[in-house]
Amino acid sequence: MDQNGGSVIAMVGKDCVAIAADLRLGNQALGISGNFQRVFPVTDRIFMGLPGLATDVATLHERFRYRVNMYTIKEGREIEPETFAHLVSSTLYEHRFGPYFIEPVMAGISKTPTGKIKPFIAATDLIGCLNFAKDFVVAGTASTKLYGVAEGLWEPDLEPEDLFETISQTMLNAVDRDAFSGWGAVVHIITADKVITRTLKGRMD
Amino acid sequence: METSFALTGKGYVLIAADTTAARSIVKMKVDEDKIKALGPHLLMAYSGEPGDTVQFAEYVERNIRLYQIRNTYSLRPSAAASWVRRSLAESIRSRHPYSVNLLLGGYDVASHDPHLYWIDYLGTIAEVPFAAHGYGSYFALSLLDRYHKPDASLEEGVETLKRCIAEVAKRLVVSPGTYKVKVVDKDGVREIEI
């Protein structure tokens with residue numbers, strides 16, 4: 001997991017979710033790229049972060065794109081966040097004895113039958129054990145640091161602008177303590193009607 | 001140990017690779033070409049396990065050419081890079097993986113811009129403005145951080161490349177003697193003297 005480095009976090013806010021990741025791709029201690037994308041849109045309302053071995057990031061992104069496209073074609077509708085989480089879990093468990101070295105993090109928005117907004121986050125380990133947290137989920141080389149800062153800064157029912165500040169400070173300060181994460185960060189704030197993506201200015205060491 | 005560098009500039013990608021083929025303490029050959037032209041606007045420098053390198057490079061070359069024969073037009077650099085990456089990603093979990101690291105540089109004739117990809121034997125891919133493989137990368141990358149300009153002319157790019165080569169020659173214990181340098185731009189692939 002520390003071959004390439006990288007970390008991801010997702011947080012829940014008031015009728016919104018946020019997902020953030022750093023941009024570093026390294027080869028052990030040597031930095032290769034400061035522009036490595038590890039968070040991908042799955043649907044308009046679901047985003048997935050893939051921290052871990054970079055080759056598996058690309059492979060899993062392509063595999064999930066295929067499986068979600070097949071789901072959309074067969075079902076005639078977009079996949080729901082919770083369903084997608086289970087899809088991730090089963091895909092990873094298929095390789096129980098030869099796993100992908102990735103710990104996916106998912107963030108999305110769904111609507112209840114009455115029309116209420118339901119924010120959703122989830123994470124799995126590399127063999128698909130699901131974690132449906134109510135507050136935040138973290139993964140990657142800086143995960144322990146992300147836990148620490150998030151526990152301190154997070155509070156329930158943050159508005160999108162406040163959630164952005166909270167998740168940004170969490171990411172920036174956690175990766176500054178980790179040698180294998182950093183070199184910039186990207187944050188996506190997902191609300192019911194739009195997604196705002198911002199690139200953070202952070203320490204480039 | 002095999003060293004290769006590459007950088008992008010205004011409408012071109014410059015790739016350089018050393019020309020030494022060695023086994024243990026013996027230099028078997030001093031004029032080995034480690035940069036293959038995969039298509040009219042695509043170059044690939046390879047390094048790694050001897051044997052695996054040429055086998056994989058030729059396999060890639062043939063399949064890229066097959067696509068061009070079947071479809072009358074060439075694969076774009078990003079598509080070729082994805083194909084190569086997928087081949088390596090499948091290889092790494094097979095019984096005998098290819099141990100080959102690559103620098104793939106191409107000029108996209110549809111969008112008129114150069115692209116450079118750093119690919120390693122695991123199937124890791126990164127699109128980058130400049131890149132290097134081998135022990136030489138530890139010296140070259142910092143120089144490229146400092147002196148690379150994304151819109152440099154070919155002459156300026158060659159100057160930057162020469163800095164990298166000079167630094168590796170000065171500081172690497174087993175430094176390569178000569179390098180082969182190739183450039184790909186809108187007019188295609190050609191070798192240049194430096």
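1. Over all chains, the count comes to 20 salt bridges, a salt bridge being a side-chain nitrogen of Lys or Arg within 4 Å of a carboxyl oxygen of Asp or Glu. This is a predicted model, in which local features need pLDDT of at least 70 and side-chain atom pairs count only at pLDDT 80 or more, while totals for chains, interfaces and linings use all residues. Residues are numbered from 1 along each chain as its sequence is written, chains are lettered from A in the order in which they are written, and side-chain values use heavy atoms, with hydrogens and water left out.

2. Where does the interface lie on chain A, and how many residues does it involve? In terms of contact (heavy atoms within 4.5 Å), 20 residues of chain A meet 15 residues of chain B. The elements of chain A that give two or more residues to the side touching chain B are strand E3 (25-27), strand E4 (30-33) and helix H1 (54-75); here helices (H or I, at least four residues) and strands (E, at least two) are DSSP runs, numbered from the N terminus. With 6 residues, H1(A) gives the most to that side.

3. The size of an interface is often given as the accessible area lost when the parts come together. Between chain A and chain B the buried area, which is the accessible area (1.4 Å probe) that two parts lose on being put together, summed over both, is about 1,300 Å², and carbon and sulfur atoms give 55% of it. A:Leu30, A:Ile32 and A:Thr55 supply 38% of the area that chain A buries against chain B, more than any other three residues.

4. The polar side of this interface deserves a separate entry. Across the interface of chain A and chain B there are 8 residue pairs in polar contact, both residues being at pLDDT 80 or more; a polar contact is a pair of N or O atoms within 3.5 Å, where within protein one must be able to donate a hydrogen and the other to accept it, and residues adjacent in sequence count only if both atoms are side-chain atoms. The side of chain A that touches chain B divides into 10 nonpolar, 8 polar and 2 charged residues, with Ala, Val, Leu, Ile, Met, Phe, Trp, Tyr, Cys and Pro counted as nonpolar, Asp, Glu, Lys and Arg as charged, and the others, Gly among them, as polar.

5. Between chain A and chain B the count is 3 salt bridges. One of them joins the side chains of B:Arg85 and A:Glu62 at 3.9 Å, N to O.

6. B:Asp108, in strand E7 (residues 100-108) of chain B, counts as buried because its relative accessibility is 4%, where buried means under 20% relative accessible area, exposed over 50%, and partly exposed in between (1.4 Å probe, protein chains only). B:Asp108 forms a salt bridge with B:Arg76, the closest N and O atoms being 2.9 Å apart. This pair links distant parts of the chain, 32 residues apart, with B:Arg76 in the loop between helix H1 (52-71) and helix H2 (77-92) of chain B. B:Arg76 itself is partly exposed, at a relative accessible area of 42%. A polar atom of the B:Asp108 side chain also lies 3.0 Å from the backbone nitrogen of B:Ala110. Leaving aside residues up to four places away in sequence, B:Asp108 touches B:Arg76, B:Pro77, B:Asp113 and B:His115.

7. B:His41 is in the loop between strand E5 (35-39) and strand E6 (42-48) of chain B, and counts as buried because its relative accessibility is 19%. Its contacts, not counting residues up to four places away in sequence, include B:Gly105, B:Tyr107, B:Asp185 and B:Val189.

8. Which residues touch the most other members of the largest nonpolar core? Among its 64 residues, they are A:Met48, A:Phe84, B:Phe5, B:Leu14 and B:Leu161; a nonpolar core is a set of buried Ala, Val, Leu, Ile, Met, Phe, Trp, Tyr and Cys residues joined through side-chain atoms within 4.5 Å. A second, separate core of 23 residues includes A:Met11, A:Ile167, A:Ala185 and A:Leu200.

9. Most residues other than glycine have a negative phi. A:Gln28, however, has a positive phi of about 55°, and A:Trp183 likewise has a positive phi of about 55°. A:Gln28 is in the loop between E3 and E4 of chain A and is partly exposed, with a relative accessible area of 44%. A:Trp183 is in the loop between helix H4 (160-175) and strand E11 (185-191) of chain A and is partly exposed at 25%.
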